[in-house]
Amino acid sequence: TLSTFPFHCLHLGHRLHDTMPGTNLRKAAIQLPQIHGVSFSLLHFTVPFLADDYHVLIFLPRVNYSFVIEFSIGIFLFFGIKKTISTTLALVLMIFMTPLTLYLAIFDPVSDCGCFGDAWVLTNWETFAKNIVLLLAAIATFQWRKMLIRFVTRKMEWLISLYTIFFVFTLSFYCLDRLPVLDFRPYKIGQNIMKGMSIPEGAKPSVYESVFILEKNGEKKEFTLDNYPDSTWTFVDTHTILKEKGYEPSIHDFSMMDMSTGDDITEDVLTDMGYTFLLVAHRIEEADDSNIDLINEIYDYSVEHGYRFYCLTSSPEEQIELWKDKTGAEYPFCQMDDITLKTMIRSNPGLMLIKNGTILNKWSDEDIPDEYVLTDKLENLELGQQKVRSDVHTIGYVFLWFVIPLLLVLGVDILIVRRR
């Protein structure tokens, strides 16, 4: 657990975003990267046995608490507090996880365990080897737990425990309400989408195909772009399938289909030298409409200054029409793969600003810029420039927020409590 400290600390909110329910909770729960260790395994292997989406919805919040336990165990071991509880839980955790990751390595039901999120992807065999080392460490720590050095007295250990839990939940809910403090995904700020889709010279690309499910007279059929039917068919859903495995770029499934014309406008949008706002709502029927006035204002602002604005969604046409009726939306809609949209931005809806294919900024629906910010053309505003973010600065900032209060507790313990 201690070996994963930096990643746990910075990914708590990130992984929680991955488990936000979509329309099909069972499908989403299996396909999306899960929280950490126990959470991933519990959810992945329990979902198939749950009766329906309602039971998945009940189960998800309980799984989410497991990362709090993992993080707390590491801190308790580090400070040498609650020795029996922390060493016992660490041992039980590793006894459970080690054979489970061996099963993952042998049968390969998922490509990776998701222990470190997108920050550091391990193969299933690498995860199993890591757990062997941690299991041995857990056994040794449990066997000689009385030898653990206690850094704080018993009178102050409750403060360490309380602040650890408070910090974990605070960071998690902040990232849920906003966006993850660190973004390790291919759609982070500063990334050029076209470059992420490019393939090195000589490499054989993977062959993907977009499949569209449409309905007519109660009959559902699958179509591709090559045989897309006329407007008498009603759109139901879309997904991307891998036809032939090859070199896989970091971005391989970004494809915008204009719903008004049925044309693929991906290259046209990504090579546009002007600004483009992308409203990302992976399931429009699940999107939060509390800030819809701000979204409509940004669309009006885009029209006024000649910028493009598209809403990207994987929802069917009837849900889009309901959204238009409810919100008064006049902006154009494009169809895109559901998983791609969730990868682009965790918020539903979320807003992304791009220029010539480069991601300049991203906002959750709680941080969408308002009329007091959009006072001029984007060319003349800081908003229109690429947001500068330093991962090192962010890591240091979050680390200090956790460490400084703990150092204060240690100081009080050494200078006051122990002297008494």
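Biologist: Are Tyr299 and Phe309 buried or exposed?

Modeller: Tyr299 is buried, and Phe309 is buried as well; buried means under 20% relative accessible area, exposed over 50%, and partly exposed in between, with a 1.4 Å probe and protein chains only. The model is predicted, so local features need pLDDT of at least 70 and side-chain atom pairs count only at pLDDT 80 or more, while totals for chains, interfaces and linings use all residues. Residues are numbered from 1 along each chain as its sequence is written, and side-chain values use heavy atoms, with hydrogens and water left out.

Biologist: Why is Phe151 called partly exposed?

Modeller: Phe151 has 41% relative accessibility, so Phe151 counts as partly exposed.

Biologist: How many aromatic pairs are there?

Modeller: The count comes to 22 aromatic pairs. Rings of Phe, Tyr and Trp (its six-membered ring) pair if their centres lie within 6.5 Å; planes under 30 degrees apart count as stacked, over 60 as edge-to-face and the rest as tilted.

Biologist: Why is the pair of Phe78 and Phe151 called stacked?

Modeller: The ring centres of Phe78 and Phe151 are 6.2 Å apart and the planes stand at 15 degrees, so the pair is stacked.

Biologist: What makes the pair of Tyr299 and Phe309 edge-to-face?

Modeller: For Tyr299 and Phe309, the distance is 5.5 Å centre to centre, with 75 degrees between the planes. The angle is over 60 degrees, and the pair is therefore edge-to-face.

Biologist: Which residues do ring pairs link into a cluster?

Modeller: The cluster holds Phe71, Tyr163, Phe166, Phe167 and Phe402.
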